[in-house]
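My entries are below the display.

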Amino acid sequence: FLAQSAFIAMSSWSENQPQPVWLAVIHVGALILLLAVYFLASKRARARRAHYSAVYEELSNGAADNLLADSRGLREKQSKSKLFTYADVGGQLLKYDVDKTTSWQVLFHLGGTVAAHPAVLWHVTLYYAVAFLAFGVEQLIVRCDLGIPLLRLVSLSAVSQYFTSFIGILLGFYISTVMGRWWSIRNDTLGSLWGAVDDLCLLMGAHFPGKDWRDVRTLVLRYSLASFELIFMQAQGTDSELWRLEKRKLLTADEVAKLQDTPSRPQAIWTWVAWIFHELHEQGHVSDIMLQLFYSKCTQARGGIGGILAYLTCQLPWAYVHLLTCMVHLLCTVVAVDVGLSNSRYVTAFWDPDDVPEHGPLVKMIQLVLTTFFYTGCMELGRSLTDPLGTDFEDFPRHAYLYWMWKEVEAFQNTNEEPVSTAQDTVRRMAVIQQQRQQQKAVASKVDKMAYFDHVQL
């Protein structure tokens with residue numbers, strides 16, 4: 001943009017008419033710059049994936065005494081601009097600062113946004129190249145006097161306006177639907193599973209307190225965490241690598257062998273959890289009412305997993321997404337051709353007087369960059385939100401969720417392993433008071449009976 005401004009300033013000094021060769025040089029320079037930014041962003045994206053893949057491999061191959069086989073726990077890192085925090089394992093966003101995110105500082109922060117995504121940068125570069133190609137073809141036709149009819153800028157602007165009106169409706173509905181699906185996956189399905197695990201372990205901590213039941217509580221916790229981890233593994237197509245969970249002590253060798261040829265592994269684990277409560281009921285440790293409650297939590301957890309898999313396997317209609325994508329790219333192509341022809345006729349003296357471009361090269365290039373960035377950025381945003389169980393920066397923080405669930409559930413289970421003295425004293429005092437009341441009622445009932453018999457005798 002600075003180069004465009006400088007060119008316009010120089011053109012006013014030289015014959016009051018811009019020279020096409022200078023504009024062509026500036027176009028080529030800008031195109032090379034966009035390509036350099038694209039390759040730099042791609043290189044950084046590959047380096048990020050390689051780094052966090054190595055961290056995850058180290059986590060999977062490590063040995064530790066805890067369930068997650070990760071003695072480091074969860075480390076939250078802060079971005080250089082202090083706009084957000086992210087996890088050290090996986091690198092996904094954990095939380096951003098709302099106050100700073102809505103300030104002017106976001107204009108200078110591109111990391112983790114669609115502005116730095118290689119796919120968006122590639123499309124911006126591609127349509128910039130289309131504009132440069134249209135510029136070159138127009139110059140070739142005019143300079144060589146080939147006699148080929150030229151496109152009218154007014155017609156191209158009308159076509160782009162038609163496309164914009166159609167795409168605005170389709171794109172708005174698309175983003176709204178994708179955002180609704182994203183929140184449903186997080187709250188209604190993944191959140192339902194998380195809530196079921198919390199409730200289940202809370203009930204176990206209250207119904208099976210003490211160190212004697214620690215192994216049973218730990219077993220249910222381990223199965224819950226393994227199921228949670230398998231959801232992300234199945235979404236990423238790595239659920240057959242069960243040895244990773246064995247290394248992290250979330251599954252044993254026998255459990256891995258039983259799950260190896262089982263479909264829908266994250267749901268199948270909840271059969272084991274339900275069977276544990278069935279056996280406790282058979283042994284007389286769980287009443288019929290409590291068994292139904294435990295069963296309901298197991299089915300809620302399985303239903304949450306089923307909902308996640310349904311969202312991931314049942315995508316938006318292909319015809320709708322295809323139509324929207326085609327409309328977006330056709331619009332960007334029309335805008336790119338319009339910008340290229342406008343810049344060409346800005347520097348040429350052989351145009352139709354009725355077809356003079358209304359705006360200069362700088363305005364048209366800003367229009368091209370912003371249009372292609374916005375529409376392709378929205379499409380990339382929709383693609384990312386459709387499957388939030390991946391490894392991208394904006395996806396759900398898999399390791400952080402697992403770590404938070406682990407610590408949360410452990411607190412539910414172990415807090416009541418040795419009940420606090422205040423609670424014990426209060427319960428005992430209430431028990432004594434209740435016993436005294438029952439004794440008083442028994443004495444009063446005996447006195448009433450004696451008085452009744454005396455009345456009968458009289």
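The entries cover the basis of the values, then the salt bridges, then one surface patch.

**Basis.** I worked on a predicted model, where local features need pLDDT of at least 70, side-chain atom pairs count only at pLDDT 80 or more, and totals for chains, interfaces and linings use all residues. Residues are numbered from 1 along each chain as its sequence is written, and side-chain values use heavy atoms, with hydrogens and water left out.

**Salt bridges.** I searched the whole structure and found 9 salt bridges (a side-chain nitrogen of Lys or Arg within 4 Å of a carboxyl oxygen of Asp or Glu). Arg-398 pairs with Glu-229, with 2.6 Å between the closest N and O atoms. Arg-398 is in helix H13 (residues 398-414) and Glu-229 in helix H6, so the pair ties together parts 169 residues apart in sequence. Helices here are DSSP runs of H or I, at least four residues, numbered from the N terminus. Arg-398 is buried at 10% relative accessibility, and Glu-229 is buried at 1% (buried is under 20% relative accessible area, exposed over 50%, partly exposed in between, with a 1.4 Å probe and protein chains only). I also noted a salt-bridge network that links Glu-229, Arg-248 and Arg-398.

Within helix H12 (residues 361-386), Glu-380 and Arg-383 sit 3 residues apart, about one turn, and their side chains form a salt bridge at 2.7 Å, N to O. Glu-380 is buried at 10%, whereas Arg-383 is partly exposed at 40%.

**Surface.** I looked up Phe-108, which is in the loop between helix H3 (98-101) and helix H4 (118-144). Phe-108 is exposed, with a relative accessible area of 67%.

How values were computed. Helix = DSSP H or I, 4+ residues; strand = E, 2+ residues; numbered from the N terminus.
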